[in-house]
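Please look through the sequence and the structure first.

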Amino acid sequence: MINKLMDSLAAAVADVKDGSTVMVGGFGTAGLPNELTDALIAQGARDLTIVNNNAGNGDTGLAALLAAGRVRKIICSFPRQADSHHFDRLYRAGQLELELVPQGNLAERIRAAGAGIGAFFTPTGYGTDLAKGKETRTIDGRDYVLEYPIHADVALIKAEVGDRLGNLTYRMTARNFGPIMAAAAKLTIATVHKVVEPGEIDPETVVTPGLYVKRVVLIDRAVTTAGGFKS
């Protein structure tokens, strides 16, 4: 019987290897799998390449992973804001490599990996420093730059409801990069706030099919300090 439910967060990330490329879901703090990043810190994997929309907020989650010195490179679209002090410190000290990618290109490069697309042309970034050294082409009178997929060894994502087969649904904007990251990684680990029996999720509402998910961990719902919002 297929059962992708894991007994613990520690067991779910136990075999993440040093040097892995790890996609971390989340848009700011919405949908950020803090429990999994905390487990990864405890597990000890280092020299990681992290793919995320931003570079961590405050001192928790992805920011804590950076602060622990476990990240060699980060690929993101929005690395710096008022509370991104760990990224700022490490980058200025030359201890963290940054690949800056426009947000739409980031999403499409991840999606392309899951869809088996070898590369694609996009107008975003053409004529800027972000296009330096990349192949360009004029198509129907418009200039484009060639971008390649981003593949990952591991994806850490947060969902709302899942079953033992790995089928997932999400909570509103907490969905963000989760579905495309799940498809782009060799190993996808998802936390959920509720586990149901197979068939209880209407097939028409499944967002991420279990085909893309290897491990599911049930977690408690945390209440943030921002107006009591539950994530």
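The model is predicted; local features need pLDDT of at least 70, side-chain atom pairs count only at pLDDT 80 or more, and totals for chains, interfaces and linings use all residues. Residues are numbered from 1 along each chain as its sequence is written, and side-chain values use heavy atoms, with hydrogens and water left out.

## Nonpolar cores

A nonpolar core is a set of buried Ala, Val, Leu, Ile, Met, Phe, Trp, Tyr and Cys residues joined through side-chain atoms within 4.5 Å. Buried means under 20% relative accessible area, exposed means over 50%, and partly exposed lies in between (1.4 Å probe, protein chains only). The largest core has 30 residues, and those with the most contacts inside it are Val22, Ile50, Leu65, Ile74, Leu156 and Ile189. Several elements each supply at least two residues of this core, among them strand S1 (21-24), strand S2 (48-51), helix H3 (62-67), strand S3 (71-76), strand S8 (152-158) and strand S11 (185-192). A second, separate core has 23 residues, including Val101, Ile157, Ala159 and Ala185.

What does isoleucine 50 touch, not counting residues up to four places away in sequence? Its contacts (heavy atoms within 4.5 Å) are Val22, Val24, Leu62, Leu65, Val71, Lys73, Ile74 and Ile75.

In H2, the buried residues are Glu35, Leu36, Thr37, Ala39, Leu40 and Ile41. They pack against H1, S1, S2, H3, S8 and S11. Glycine 44 follows H2 and has a positive phi, near 105°.

In H4, His86, Phe87, Asp88 and Leu90 are buried, and the buried residues of this helix pack against H3, S3 and strand S4 (97-100). Glycine 94 follows H4, with a positive phi near 75°.

| Residue | Relative accessibility | Class |
|---|---|---|
| Phenylalanine 87 | 3% | buried |
| Aspartate 88 | 18% | buried |
| Tyrosine 91 | 42% | partly exposed |
| Asparagine 3 | 43% | partly exposed |

The side chain of aspartate 88 makes a polar contact of 2.9 Å with that of arginine 80. A polar contact is a pair of N or O atoms within 3.5 Å; within protein, one must be able to donate a hydrogen and the other to accept it, and residues adjacent in sequence count only if both atoms are side-chain atoms.

The structure holds 1 aromatic pair. The ring centres of phenylalanine 87 and tyrosine 91 are 5.4 Å apart and the planes are at 15°, so the pair is stacked. Rings of Phe, Tyr and Trp (its six-membered ring) pair if their centres lie within 6.5 Å; planes under 30 degrees apart count as stacked, over 60 as edge-to-face and the rest as tilted. Both residues lie in H4, 4 residues apart, which is about one turn of the helix.

## An antiparallel sheet

An open sheet is formed by 3 strands in the order S5-S7-S6, with antiparallel pairing. Two strands pair if DSSP finds at least two bridges between them. Why is one side of strand S5 (120-122) and of strand S6 (136-139) left without a neighbour in the sheet? Both stand at the edges and have a single partner strand each.

S5 is joined to strand S7 (residues 142-147) by 3 bridges. Within this pairing, phenylalanine 120 has glutamate 147 as its bridge partner, and threonine 122 stands opposite valine 145. S6 and S7 pair over 4 bridges, with isoleucine 139 bridged to arginine 142. S6 and S7 form a hairpin with 2 residues between them, and aspartate 140 in the turn has a positive phi of about 50°.

Helix H5 (residues 103-115) lies across S5 and S7 and runs at about 170° to S5. Axes are lines fitted to C-alpha atoms, for helices over the stretch in contact, and angles run from 0 to 180 degrees between N-to-C directions.

## Asparagine 3

Asparagine 3 lies in the segment before helix H1 (9-12). A polar atom of its side chain is 3.1 Å from the backbone nitrogen of leucine 5.
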